[in-house]
Amino acid sequence: PAAVGPGTDGDFTPARSTLGPRRSTAVHAALHALGVVADPWRDLKAAVRKDVSAGARKALWDAVARDGARGEEVDAWYRRVLADAFGGIALGPGDALPDTPPEAVPCFGGSDPVSAPFLEDHGLLAGGPGVPALHRVLVALAHAVPVADCPPLPDVCALLLSALPEACVFALARRLVRSGALTELRAAPPLPAQAPLRARARALRHAFADVAATHCPAAAARLRALQLPLADACRVWFDRFFVGALPYVTALRVVDTFLVEGAKVLMRVGIALLRAVGPQLAAARDAQGALEVLRRRPVAAEPP
């Protein structure tokens with residue numbers, strides 16, 4: 001993310017990051033203890049953009065997820081939600097968590113989290129422990145958050161599970177959904193607070209299309225010539241939080257910076273990707289070919 005593109009200028013205001021004052025203090029303290037930031041009150045953005053180790057990533061995500069609560073409190077809360085979601089079953093601290101029938105796992109309008117391609121993208125083995133954990137988190141979110149349409153949610157939860165226990169994944173994903181941070185990039189005028197998530201997602205994509213027309217004029221013009229609106233074309237990136245479009249380790253770094261800086265990170269990553277695939281878009285013969293280009297991982301996006 002430190003090299004995914006310059007700051008973007010346009011007629012929009014990025015939604016705030018997920019770090020309020022209390023969470024910001026916890027994140028600074030955790031990363032300072034690990035030596036990631038030299039000063040516990042400074043250099044957070046620069047350190048996270050530069051890259052963080054696996055241990056620092058876990059500390060960052062964990063501090064945001066727990067929001068000052070102890071780990072056992074988050075786990076107890078998650079178990080209560082799961083028990084209610086599974087029909088009021090008894091689920092004590094030491095009880096095994098229930099498995100979820102595949103047909104009961106929600107996708108929130110995004111990728112099917114039961115499908116083999118989805119699990120392969122995230123390196124999850126069928127029958128491995130990560131799959132039932134992901135499915136439980138999604139069921140708990142569907143029960144706890146009144147939203148049926150949030151396409152990035154399955155991929156974001158799978159990304160978070162790479163570093164966090166499922167109770168913390170539930171807590172953090174719930175906060176991201178309730179705040180609108182996953183889909184909201186306020187257009188001018190700002191969307192009302194009660195605007196549905198689908199409307200917020202449209203605002204993000206249309207804001208990106210406006211910015212891309214300035215920063216990637218050739219690519220934007222080519223998509224217009226193919227009668228493929230950029231706001232629709234970029235769904236293959238935003239709806240999956242760039243999983244598949246970027247190396248997986250880079251998608252994890254997008255999560256790092258997104259948690260610290262907010263939705264503007266998604267815009268910058270999108271601009272960088274659009275620049276990277278510009279030559280391939282120029283060679284695309286039709287809209288379907290352009291979509292295939294956008295779905296493929298560009299060579300320029302690979303790390304050195």
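For the chain, the mean pLDDT comes out at 79, with 77% of residues reaching 70 or more. Two stretches call for some care. Over residues 185-190, pLDDT stays under 50, and the model has 16 contacts there beyond four places in sequence. Residues 300-304 also stay under 50, with seven such contacts. Where pLDDT is low, the predicted coordinates should not be read in detail.

Next comes a pair of packed helices. Helix α4 (residues 71-85) packs against helix α6 (residues 130-144) at an angle of about 80°, and their axes lie 9 Å apart. That angle makes α4 roughly perpendicular to α6. On the α4 side, the contact is made by Tyr78, Val81, Leu82, Asp84 and Ala85; these meet a set of α6 residues that includes Arg136, Val137, Val139 and His143. Sorted by type, the residues of this contact are nine nonpolar, one polar and two charged.

Then there is helix α8, which runs over residues 166-179. Its 14 residues span 20 Å from the first C-alpha to the last, close to the 20 Å expected at 1.5 Å a residue. The helix is mostly covered, with eleven of those 14 residues buried. Among the buried ones are Cys168, Val169, Phe170 and Leu172, along with Glu166 and Arg175.

Conventions:
Residues numbered from 1 in each chain as written. Predicted model: local features only at pLDDT ≥ 70, side-chain atom pairs only at ≥ 80, totals over all residues. Heavy atoms only, no water. Axes fitted to C-alpha atoms, helices over the stretch in contact; angles between N-to-C directions. Helix = DSSP H or I, 4+ residues; strand = E, 2+ residues; numbered from the N terminus. Parallel < 35°, antiparallel > 145°, perpendicular 65-115°, else oblique. Contact = heavy atoms within 4.5 Å. Nonpolar A, V, L, I, M, F, W, Y, C, P; charged D, E, K, R; others polar. Expected span 1.5 Å × (residues − 1). Buried < 20%, exposed > 50% of the residue type's maximum accessible area, 1.4 Å probe, protein only. pLDDT = per-residue confidence, 0-100.
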